[in-house]
Amino acid sequence: MASVSLRNVHKKFGPITVLESIDLDIADGEFVVLVGPSGCGKSTLLRSIAGLEAINGGEIQIGDRPVTHMAPKDRDIAMVFQSYALYPHMDVRRNMAFSLNLRKSPAALIGERVAEASAKLGLNALLDRLPKQLSGGQRQRVAMGRAIVRNPKVFLFDEPLSNLDAKLRATMRTEIKALHQSLKTTAIYVTHDQVEAMTMANRIVVMSDGVIQQVGPPLELYDRPANMFVAGFIGSPTMNFFDAVIVRGAARLADGSLLPLAPAAWKEGREIVIGIRPEHLHFADQGFPATVTVVEPLGMSTQVTLDAVEERVTLLALERPQLSPGDRKYLTAKAADIHVFDRVSGLRLN
């Protein structure tokens, strides 16, 4: 196991900067998830750590070794890709043992590591099968097993669940998290799915346009997003945003409605954006008016889409309100649940 340190890492493709001034410390045994929209630089950062992409500036260190100019095979990492990349003519046992055979490791060591990995991953009954005889989830477990037998210092995962259906993705999320808790090996995981990030990570690194926007535990990012980008990206359904102006310590919306704000040294007339998570919006006798457009029963909750203050608004109710499209309602939120951002910079103010 080992820590990973990145210092002022830069990467360009021609004139285009894809990673800019990346500084990040990942502790030994930590599970860190890099998350962000397509093109934000998360996979490039992972490939740079692996040595599959040469960086244009900065330093990368794994454990106590600088690896910036080191070949991938010498970095003591193992990578699991979106594509399983299994050899179709080899059974599960030989696929898992392939890298050790390539290193000419002793047969006894190979057998021991394959047995340990297959037991951890529930593959003992599948060792003699070919990849074509396996389900998608089983193939992904074999790909992970192939990485585990190498006993690397760091695991790198590049969107390994993207090819699986929704139910299997949820199952594999649990399996990967349980596997990490068992192995306690440093893991860096890339995904565009913020639900994967929230449920799996010790810490999340949110990226946009090659820049780290915020780093922290999942609930810290959810409860105190550093800016509007993080606030809008983390959380499903996404946060609701409204332009507002500070009036007598409250937020006045475009329609003139007022929402309470927690006490602070607010400058009168300051232009802000307020954010409210769907579960923190409530129906009330007064607040700002909204019109129901769509009602989606989810069983344990009900998702309601409304038009309000020239915005499309989402409300998540734990109860089962009796609503129909066209119904007129008033919405409000508690002051403690309202996030306040600067309208120009997008940075968090409260």
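**Entry 1. The second pocket**

I looked up the second largest pocket, and its lining is Glu112, Arg113, Glu116, Ala117, Lys120, Ile148, Val149, Asn151, Pro152, Phe155, Leu183 and Thr185. For the search, a 1 Å grid is laid over the protein atoms alone; a pocket is an open set of points with protein on both sides within 12 Å along at least five of seven lines, a cavity is a set where a 1.4 Å probe fits but cannot get out, and lining residues have an atom within 4 Å of a point. The model is a predicted one, in which local features need pLDDT of at least 70 and side-chain atom pairs count only at pLDDT 80 or more, while totals for chains, interfaces and linings use all residues. Residues are numbered from 1 along each chain as its sequence is written, and side-chain values use heavy atoms, with hydrogens and water left out.

I noted a volume of about 190 Å³ for the second largest pocket. A volume here is the space filled by probe spheres set on the points, with grid points joined across faces, edges and corners. Its lining divides into six nonpolar, two polar and four charged residues. In this sorting Ala, Val, Leu, Ile, Met, Phe, Trp, Tyr, Cys and Pro are nonpolar, Asp, Glu, Lys and Arg are charged, and the others, Gly among them, are polar.

Which helix gives the most to this lining? I found that helix α3 (residues 107-121) does, with five residues. Helices (H or I, at least four residues) and strands (E, at least two) are DSSP runs, numbered from the N terminus.

**Entry 2. Helix α3**

I checked the length of α3 next. Its 15 residues at 1.5 Å a residue should span 21 Å, and the end C-alpha atoms are 21 Å apart, so the two agree. The expected span is 1.5 Å times one less than the number of residues.

I then listed the buried residues of α3: Ile110, Val114, Ala117, Ser118 and Leu121. They lie on the same side of α3, because they cover an arc of only 100° around the axis. The arc is taken from the directions from the helix axis to the C-beta atoms. An α-helix has 3.6 residues a turn, so residues three or four places apart point the same way. Buried means under 20% relative accessible area, exposed over 50%, and partly exposed in between (1.4 Å probe, protein chains only).

The cover over the buried residues of α3 includes α2, α4 and α5 (166-183), where contact means heavy atoms within 4.5 Å. Just after α3, I noted that Gly122 has a positive phi of about 70°.

**Entry 3. The largest pocket**

I put the volume of the largest pocket at about 450 Å³. There are 17 lining residues, and Ala78, Met79, Phe81, Arg146 and Arg150 lie nearest the centre. By class I have 13 nonpolar, one polar and three charged. At least two lining residues come from each of β6 (77-80), α2 (92-102) and α4 (136-148).

**Entry 4. The cavity and His180**

I found one cavity of 30 Å³ or more. The largest cavity has a volume of about 40 Å³. Its lining includes Phe31, Phe155, His180 and Thr185, and by class has seven nonpolar, two polar and no charged residues. With four residues, α5 gives the most to this lining.

Is His180 buried or exposed? I have His180 as buried, because its relative accessibility is 12%. His180 lies in helix α5 and touches Gly29, Glu30, Phe31, Thr185, Ala187 and Asn202, leaving aside residues up to four places away in sequence.

**Entry 5. Backbone points**

I found a cis peptide bond from Ser236 to Pro237, with omega near 0°. Pro237 sits in the loop between α8 (228-233) and β11 (240-247), and counts as buried because its relative accessible area is 16%. Beyond residues up to four places away in sequence, Pro237 touches Pro278, Gln303, Thr314 and Leu316.

Ser21 is not a glycine, yet I noted a positive phi of about 50°. Ser21 belongs to strand β2 (residues 16-26) and is partly exposed, at 38% relative accessible area. Lys104 also has a positive phi, near 60°. I located Lys104 in the loop between α2 and α3, exposed at 73% relative accessibility.

**Entry 6. The whole chain**

I counted eight helices and 20 strands in the protein chain. Of its 350 residues, 48% are buried. The C-alpha atoms fill a box of roughly 75 × 45 × 35 Å, taken along the principal axes.
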